[in-house]
Amino acid sequence: MSTTRTTRGTKQLAATAVAAALGVTALAGCGSSDDSASGSGDTKGSGSKTVTLVSHDSFNASKDVLKAFTQETGYTVKVLKSGDAGAALNQEILTKGSPRGDVFFGVDNTLLSRALDNGLFTPYEAKGIDRVAADSQLDAAKHRVTPIDTGDICINYDKKYFADKKLAPPKTFDDLAKPAYKNLLVTENAATSSPGLGFLLGTVATYGESGYQDYWKKLKNNGVKVVDGWEQAYNEEFSGSAGGKKAKADRPLVVSYASSPPVEVLYAKPQPSEAPTGVATGTCFRQIEFAGLLDGAKNAAGGKALLDFLISKKFQEDMPLNMFVNPVTKDAKLPELFTEFGATVDRPATVAPGAIAKNREQWVQSWSSLVVK
Amino acid sequence: MRLGLMAVPVAFFAVFFAHPVVAIVGRGLKADGAWQFGRIGEVLTRPDILDVLWFTTWQALASTALTLVIALPGAYVFARFDFPGKQVLRAVVTVPFVLPTVVVGTAFLALLGRGGFLDELAGLRLDTTVWAILLAHVFFNYAVVVRTVGGLWSQLDPRQEEAARVLGAGRFAAWRRVTLPALAPAVAAAGLMVFLFTFTSFGVVQILGGPAYSTLEVEIYRQTAQLLDLPTAAVLTLVQFAAVGAILAVHAWTVRRRETALKLVDPAQTSRRPRGTGQWTLLGGVLLTVLVLILLPLGVLVERSLDAPGGYGFGYYRALQSVEASGSTFLVAPLEAIGNSLQYALVATAIALLVGGLAAAALTLPQPRTDSAGGTPLAERLVRGFDALLMLPLGVSAVTVGFGFLITLDKPPLDLRTSWILVPLAQALVGVPFVVRTMLPVLRAVDGRLREAAAVLGASPLRAWREVDLPLVRRAVLVAAGFAFAVSLGEFGATVFIARPDNPTLPVAVARLLGRSGELNYGQAMALSTILMLVCAVSLLLLERIRPDRSGEF
Amino acid sequence: MLTLESATVLFGKRSALDAVDLKVADHEIVCVLGPSGSGKSTLLRVVAGLHPPDGGRVLLDGADQTGVPVHRRGLGLMFQDHQLFPHRDVGANVAFGLRMHGVTRGDQDRRVAELLELVGLPGAERRAVAALSGGEQQRVALARALAPRPKLLMLDEPLGQLDRSLRERLVVELRTLFARLGTTVLAVTHDQGEAFALADRVVVMRDGRIAQAGTPLEVWQRPASAFVARFLGFDNVVDATVTGAAAGTAWGKVPVPDGSPQGPCALLVRPAGVRLGSPEAGLRCTVGARTFRGNHVAVTLHPESGPVLEAECPLRDTPQEGAHVGVTFDASETVVLPAVF
């Protein structure tokens with residue numbers, strides 16, 4: 001008797017809690033039901049109508065553009081984001097063979113070899129790949145990945161600071177080591193931050209494996225400051241940003257993106273006639289981001305259609321203002337914001353993905369012991 | 001009976017904690033089907049790893065000591081004194097606890113960094129020194145001590161201290177000999193939590209310490225999420241496990257030695273207005289500490305969220321309302337993130353209360369004496385092991401759990417990798433230890449004979465628990481719920497690693513905004529942080545208001 | 001009603017209950033009397049089911065209670081320190097057992113009112129437990145235990161914490177009340193006065209065994225052993241050897257009642273049987289402390305030989321402290337007890 005009673009009591013408790021949880025779940029469902037990107041309803045009817053794109057937290061696309069894709073192909077895109085670029089890729093490697101989605105977007109040239117060596121992707125030659133600049137097609141032979149966008153990691157400078165001081169802003173890596181720019185630069189930890197790593201790779205590309213350490217010694221003597229992440233460098237230490245102004249930041253040089261000045265313009269009210277920051281175009285390292293069809297994708301056909309779409313003119317032209325990157329296709333027009341306020345980087349530094357994969361850890365480690373410790 | 005109650009929590013931990021963590025550690029230590037235990041020695045002799053271990057340990061010890069020293073007077077003041085605005089203040093000191101570290105880092109830099117409060121006052125800059133880390137840890141964990149210790153303190157009968165005074169003990173001696181021993185389990189519990197949090201500190205160390213300081217947690221994150229060096233991550237995870245296990249063992253030992261049945265009274269009867277210069281000074285000192293250490297950094301956030309170009313105003317807040325105004329960072333308006341966060345946090349709190357409540361009940365249920373001598377000690381040992389197990393999620397990196405989910409929850413019926421429920425489940429994992437830790441000291445202090453009285457009057461063991469223990473610990477339950485809710489609300493680590501459709505929580509939204517340049521983005525991040533702060537404060541305040549009524553029928 | 005068959009409880013190697021046999025009849029009030037540690041509280045806990053016996057059985061109305069959990073035994077137990085639920089008011093405390101037994105709300109309220117009336121606290125339903133005096137708590141605890149009409153009401157040191165005058169008044173009240181309600185009661189106390197005033201039958205316990213059982217008068221008049229005698233407060237107990245109608249003791253020859261067993265024994269002399277006379281006659285003693293006891297004075301006597309004696313003197317005839325007196329003994333007030341080994 002006593003046990004039956006007890007069990008009933010326990011069940012009641014559990015049932016109450018579950019009911020409470022379910023009630024909340026229903027609420028949660030309501031909250032996100034108008035989210036066009038999620039197509040869970042469709043999934044149940046016929047699985048092939050949803051194509052799942054797995055990406056990092058920075059992925060973004062306009063609703064209209066995703067709707068257009070659905071109209072053209074009948075597929076609804078479900079987007080899953082998890083972590084930054086490195087974490088998102090590593091999660092894919094862990095779930096290789098049983099992926100959470102069909103297409104992965106967001107592996108860049110610094111991580112490309114890791115993805116390819118792990119056999120993450122099924123080869124597919126996307127329609128219209130011929131419109132993509134050749135120097136972006138790093139896997140042109142096998143088409144395991146498709147280039148989607150490029151971005152440049154460059155030194156940004158605070159225009160007001162240099163105007164006030166009547167000092168010319170730096171243009172090249174060499175300039176940064178000059179006494180005139182002593183104690184002005186803040187960069188990110190190459191071990192934990194993607195722009196930090198890009199900047200380090202830029203110096204490796206420029207000075208070679210034998211010379212980059214000497215260069216960093218000079219930078220260190222010239223008072224370079226290293227913080228852990230971009231958010232902190234840009235928002236706390238860089239005197240040209242909104243946060244930096246409030247925090248009375250005193251570093252007018254920061255490692256950021258070539259697209260940062262247009263973004264400053266876009267997110268200012270009222271919109272200024274000129275960007276508050278500039279780009280030192282001789283200090284850039286080019287990042288190329290790729291997408292690929294995941295090995296073991298449940299909806300391979302949908303995934304292929306999505307890859308085609310990612311390099312379509314429509315998506316390529318929508319992309320810059322959503323992710324602040326440059327299109328890879330030649331026919332895509334840059335938005336006015338970019339042409340008016342952005343900088344043109346003619347000869348960005350690059351390092352071959354294979355060399356990055358092979359030496360990255362060693363470069364970062366010697367950099368750490370040189371600069372951080 | 002007891003084992004039956006434990007079934008739910010045990011299953012929960014097995015599926016959502018033990019299995020994922022074991023799987024990811026196994027993946028790291030196993031190569032070609034053979035265990036590679038040699039890796040342990042290799043990793044542990046690397047000088048950089050040894051540096052990390054040393055720094056992790058001593059900063060955690062220092063932070064814990066500092067937090068206890070600063071927060072114990074606060075616990076006393078909140079437990080024993082009545083003053084206007086007490087409830088609001090108690091909710092406010094808990095706010096730091098739920099703020100994402102990115103935001104807290106910003107706020108703290110404003111206090112300790114260049115042009116900050118201390119800089120302007122005394123020309124002192126503490127950012128990138130270890131002091132910044134320690135003080136930020138106090139900022140984060142102040143509430144842990146005030147709530148855990150203060151909760152019990154307010155229910156201790158002050159007459160026991162008075163008895164000691166009459167017997168000739170000085171004010172401090174009476175406190176040390178009577179109150180402190182009674183509080184010891186709660187102080188130990190709070191100290192343990194603070195130690196765990198600071199030992200596994202991640203964001204604070206990254207932002208305030210700069211790249212020169214690295215804790216074990218930071219290193220595990222780097223090895224797993226950035227380098228995918230699973231063997232090294234596995235070794236470090238094991239080290240962290242061992243350290244946390246050792247701490248828990250020490251804790252369990254001290255608590256068992258000191259546990260006594262306490263005489264608990266209604267907290268309303270124990271607090272009164274401060275009397276005399278000494279008490280007013282104490283109250284003033286505590287309020288000043290709270291002001292400088294907690295309100296000031298929070299105030300900076302509010303100030304920055306209102307400091308729009310063209311003068312103070314709500315421009316950034318208005319920008320949050322629509323997708324268009326916010327630029328296009330979000331597919332949904334940032335304001336919807338509040339709804340998302342609240343829903344996730346409610347589900348997580350429900351799960352944490354269910355799992356943690358059942359676990360705490362199982363741990364405190366009177367052990368029915370069986371006539372077989374062999375069964376009881378084993379069961380007893382199981383129960384104790386379980387007690388420790390419940391705390392382990394606090395000592396394991398979010399990235400380890402998150403990545404573990406990926407490789408274990410991939411088959412039906414538990415193919416949850418892309419389900420929204422994974423977010424509250426991961427949040428509840430962190431919430432459960434709070435529920436258990438907050439409820440256990442109070443539950444254990446309930447006089448067992450009250451249960452016997454109920455049993456003789458016809459109440460079954462479960463009924464007796466519901467009728468006697470539950471009403472007596474309802475306050476503790478509310479405190480626990482508040483904690484679980486707040487923790488879920490501000491949880492960032494696990495959430496960010498779990499693939500989720502596009503309904504960001506508040507901390508995720510803040511992180512996204514801060515990840516973009518542009519004045520409007522920064523302003524909106526501050527506005528959203530302020531909202532997160534207010535949502536949390538209001539939620540906690542509401543919980544404080546729901547006082548158990550005296551007659552206690554339910 | 002209640003039967004214990006060689007109930008045994010072991011705490012480690014020590015037995016708290018050692019094969020105890022006990023019967024309580026319907027409507028009977030039995031008081032278990034013993035010093036602390038004699039096992040009397042354990043006895044109650046075994047009957048209530050709060051402690052499983054290591055041997056023997058508990059039967060209620062002839063039914064074996066082995067395996068029956070506490071809450072299904074239908075007993076009432078009033079705890080030593082009442083154990084009122086601090087988070088409930090008086091009414092909710094009294095109603096607790098009724099609620100557990102599924103009594104309807106209206107019936108609960110009526111029964112609670114009735115019981116509070118019975119224990120002399122009418123209308124106290126909404127009062128907070130913490131605001132009650134000791135005596136009031138006592139009454140509430142009693143009402144709470146009585147409310148579900150238990151088969152057997154057990155009282156653990158029911159009046160232990162109350163002051164003397166209140167205790168004496170309450171004992172009488174309780175006895176009257178139980179007689180009126182026909183309640184079967186098993187009480188436990190260390191206070192012999194309380195036990196004798198309350199009980200139909202007294203059970204004296206020692207080291208987990210029953211030392212003596214009987215009506216209060218029987219136990220009072222004929223303690224079964226030196227232990228019982230001393231526990232009842234009689235200190236005039238000495239080793240003795242009975243030869244004929246007198247016993248040889250450290251105090252010299254003491255007359256014993258006719259028919260007393262011969263040979264070694266322990267001898268009890270009630271204080272009333274210690275007669276004081278002139279120092280020339282009988283055992284010569286010096287008068288020590290005198291304690292006023294209402295209708296008589298208890299006098300401590302230091303004999304020339306042998307242990308201290310206690311005597312009962314009328315108020316008028318009490319000698320001065322330090323005076324010398326001669327003591328003689330009254331055979332009708334002496335009791336021959338089994339020898340203490």
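How many helices and strands make up the secondary structure of chain A? Chain A has 15 helices and 10 strands. The model is a predicted one.

**Chain A: overall make-up**
- Chain A has 373 residues, and 54% of them are buried.
- Counting contacts in chain A between residues at least 6 apart in sequence, 74% link residues at least 24 apart.

**Chain A: two domains**
- Domain 1 of chain A takes in 40–149 + 288–327, while domain 2 of chain A takes in 152–285 + 349–372.
- The centres of domain 1 and domain 2 of chain A, taken over C-alpha atoms, are 29 Å apart.
- Contact between the two involves 9 residues of domain 1 of chain A and 10 residues of domain 2 of chain A.
- On the side of domain 1 of chain A that touches domain 2 of chain A, helix 5 (residues 112–117) of chain A supplies the largest share, with 3 residues.
- By residue class, that side of domain 1 of chain A consists of 5 nonpolar, 3 polar and 1 charged.

**Chain B: two domains**
- In chain B, domain 1 is made of 1–20 + 312–403 + 413–554, and domain 2 is made of 48–230 + 242–301.
- Here 42 residues of domain 1 of chain B are in contact with 38 residues of domain 2 of chain B.
- Several helices of chain B each give two or more residues to the side of domain 1 that touches domain 2, among them helix 17 (375–389), helix 19 (422–445) and helix 22 (474–490).
- Helix 18 (398–408), helix 24 (506–514) and helix 25 (519–545) of chain B are also among the elements that give two or more residues to that side.
- Of these elements, helix 25 of chain B gives the most, with 10 residues.
- The residues on the side of domain 1 of chain B that touches domain 2 of chain B are 27 nonpolar, 8 polar and 7 charged.

- Strand 6 (residues 75–78) of chain C is covered on both faces.
- On one side of strand 6 of chain C, C:Leu75 and C:Leu77 are buried; on the other, C:Gly76 and C:Met78 are buried.
- Strand 6 of chain C runs parallel to strand 7 (residues 152–156) of chain C, and 4 bridges join the two.
- Within this pair, C:Gly76 lies opposite C:Leu153 of strand 7 of chain C.

How values were computed: Residues are numbered from 1 along each chain as its sequence is written. Chains are lettered from A and ligands numbered from 1 in the order in which they are written. This is a predicted model: local features need pLDDT of at least 70, side-chain atom pairs count only at pLDDT 80 or more; totals for chains, interfaces and linings use all residues. Domain bounds come from an automatic or database domain assignment. Two residues are in contact if their C-beta atoms, placed from the backbone, lie within 7 Å. Ala, Val, Leu, Ile, Met, Phe, Trp, Tyr, Cys and Pro count as nonpolar, Asp, Glu, Lys and Arg as charged, and the others, Gly among them, as polar. A residue is buried if 20 or more other C-beta atoms lie within 10 Å of its own, exposed if 12 or fewer, and partly exposed in between; C-beta atoms are placed from the backbone. Two strands pair if DSSP finds at least two bridges between them.
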